[in-house]
Amino acid sequence: MLPADVHALIGRIPLFAHMTDAQRSTLATHLQWICLPGGQYLYRAGEVAEALYLLRSGSLGVFDGPTELIRQVAADDCLGEISLLSGEALRYNVRALRDCELLRLDRPHFELLIEQHPRAMMGMARQAMDRMIRRERHVDPPDKPRTFAILPVDQSVPVRGLAMQLAQALEKFGSCLVIDAELGTNRGSDWFAEREAQARFVIYLDSTGDASWRLRCLRQADVLLLPALAAQPARPWPEAAPGHPARVRHRPRHLLLVHSGRKVQQGAARRWRAQFSGELQHHHICGENDIPRIARLISGHARGLVLAGGGARGLAHLGALRALREAGHDFDAIGGTSIGAIIGAGVANMWSIEEMMRAYYEAFVRGKPLSDWTVPLVALTRGRRAAIMLRRAFGAIDIEDLERPFFCVSTSLSGQGKVVHRHGPLWLWLRASSSIPGILPPVLHHGQVYVDGALVDNLPTDVMAEEGIAHITAVSIRADIELRAQTEEFATPPWWRLWIRQRRGTGWPRLVSTLTRAAMVNSEETSERCRERADLLITPPLEHVGMLDWRDWQLAVDAGYEETLRVLEAQQHSPPAAVSSTRLSLEG
C-alpha cells in the first residue's frame, strides 16, 4: 500500500516539475513502496538500472568502491534516471546509510510514461542530463544532514536541555522538531516519514535509556551526537554501533564533551576519543554560546578561518583578526600553515586580540626564536628556541584541548607529502608546520621527517572545505618569491670579495632569503587555487616587510588591519571609506 503523501512527494521532486496533476496521478499508480534497511545496497557499480527510485525518507550514500563516500542523497531526491535514459551501467555503488523508504518505478512503466507524456519527459531528460554533467564536474554542493540522534553515554548527561538549545539554534536555518521516547515510541515508519517531511530538521532524543527507542534513534539519524560529561571516566557507549564506523555506515559522529566549568578540561578529549575508532569529530561545551556553534557545524552552516604562512609577514593576521572581530565576525573552525597555524591556534584557544598581541610580541619580536644559530649540518638554527617559545605560549595541551576545532598542515619528507594534524601535542605540530627547510631543523617523529607545510599547501582552504564548512574566510600572505641578481655568476667569489659586493648591494641573494623563498615557491600554484576557494579573501600588501624581519611587525599588523577594513567595506557595497590610521600595539 502506497503512503498517503505520495502525490506531495512527486510534486516536491524537481525531476517531475514539468508534469501536470493528471500525469502525476498516473505516475503514482505505477509506484511501489519498499523499505531498504540501513547498510543494504540499492544499486551496485556495473549494473544497469531497472527502476527509478524516489527517496521518501532516510539517507543514501553514493560510494566509489566499498568505502569512499562521494555524496549523500537526502529525502525528496531520486536515483537511477540517468542509467534508465542512457542505458549505460552505473559507475557507483548506492546503499542505505540508515533505514530508508523509497518508491520504485519499474523500467516498463518508466518507458510507458515517456511514450505517453513525451513533452513532460523531455524536461525530465534535460534535468537528468544536467544533473549528470554537474556531478561529473563536482558542481553540486554536498547534501546537508536533516536528522540527528542524541545518544548520551548514560543518563547522568543533561541531554534534554542540550536538545532544546540545539533545536533553538537550528531554527535559524529551518524548522526543527524534537522527538523523544514519549512522543515517538510505538509509532510506525509513516509517522516518522511525515514528521521528517514537515520539518527541516528532526532531533531524535534519548533521555530515558530505553534500548528499543535508542535503536530507533540510531536508525533514523543522518548524524549521531554522542554527549558525555568530560570529567567522568571514559567508557564505551551502551550499544556497539557509535564506537565502530563500519556499523554507523559513514554517518558523521560528533562527540559532545560537556564541561562543568567555563574552561576545557585538558586530556578529556583524548580519553573519550579512545573509545572510538575511525573518523570522529569532538566539540567542547563550556557554556550556552557553544551550542549555536555546534548547530552550525553539524548542519553545514559553519564559518571557517584559514591563515597562511609567511614568516614575519604573517603578523598581518593579527591586524586582520582585529578588524574581523570589530565587524562581528566569529569562526567555528580554524586552520592554517606555519605562522598562520601558530596564530590560528590562539584563535582556536579563544584568546582575545590583546592576549594574542602580547603573546606573539613576546614570542617573535622579543623572543627571537631563530637566533640560536649553529653549525649548519642540519639547519642554520638549532630549533630549540622555537620549541621553547611554542611550549611557553601554549603549554602542554593537545590540539584536541583547544576550544574550537583546529588543524595545521606540515610536509612529510618520508613519502606522505601533505599531512593535516588534528590530534597530538599542539606545540610539536606547530613546530613542524613552521620548520622552514634549512633554517629550522625538521621535526622527527615516529620515523617520519616533517617540515614546513608551506611547501605543499600554504593556504589550506581545501582542507577546510573538505570538512563541510559553508563559508571560508582566508588571509593570504603572498610569498613575493622573485629574487633578482645584479651580476652574472655561477660560483661565489672569495669571502672578502663577496662581503664587499654584499655591502654595495650587488652581491648574491642572502642565504635566508633564498631558503625562505625556495620553501614557498612550489606551493604558489596550489595557493592560487586555494585562494579561489575562499568566500572572503584578504591579501594584505606586504612587499615592504621581509619574510624574517620581525622588527617590522608593526608594519605587518597595520597592513593586515587596513586591508581587512577595505575588503569588508567593499563587501558591503558601500562607498570606499577612509582607511583607518589606528595603530595596533603588540606591546599593549
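Tutor: Let's start at Q275, which sits in the loop between α11 (268-273) and β14 (281-285); helices (H or I, at least four residues) and strands (E, at least two) are DSSP runs, numbered from the N terminus. Keep in mind that this is a predicted model, where local features need pLDDT of at least 70, side-chain atom pairs count only at pLDDT 80 or more, and totals for chains, interfaces and linings use all residues. Residues are numbered from 1 along each chain as its sequence is written, and side-chain values use heavy atoms, leaving out hydrogens and water.

Along the sequence Q275 is 39 residues from P236, yet their C-alpha atoms are 5.6 Å apart. Leaving aside residues up to four places away in sequence, Q275 touches (heavy atoms within 4.5 Å) A234, R235, P236 and G243.

Now for the helices. In α13, 9 of the 11 residues are buried, and A316, H317, L318 and G319 are among them. Those buried residues pack against β15 (303-307), α14 (339-348), α15, β21 (471-475), β22 (536-538) and α22. Just past the end of α13, G328 has a positive phi of about 85°.

On the α13 side the contact includes L318, A320 and L324, and on the α22 side V557, Y561 and L565. The contact residues divide into 10 nonpolar, 3 polar and 2 charged (Ala, Val, Leu, Ile, Met, Phe, Trp, Tyr, Cys and Pro are nonpolar, Asp, Glu, Lys and Arg charged, the others, Gly among them, polar).

Finally, the largest nonpolar core has 78 residues, and F394 is one of those that touch the most other members (such a core is a set of buried Ala, Val, Leu, Ile, Met, Phe, Trp, Tyr and Cys residues joined through side-chain atoms within 4.5 Å). Helix α15 (residues 353-366) supplies the largest share, 8 residues. Among the residues F394 touches are W351, Y360 and L426. Another core, of 52 residues, lies apart from it and includes I150 and F201.

Key: Buried means under 20% relative accessible area, exposed over 50%, partly exposed in between (1.4 Å probe, protein chains only).
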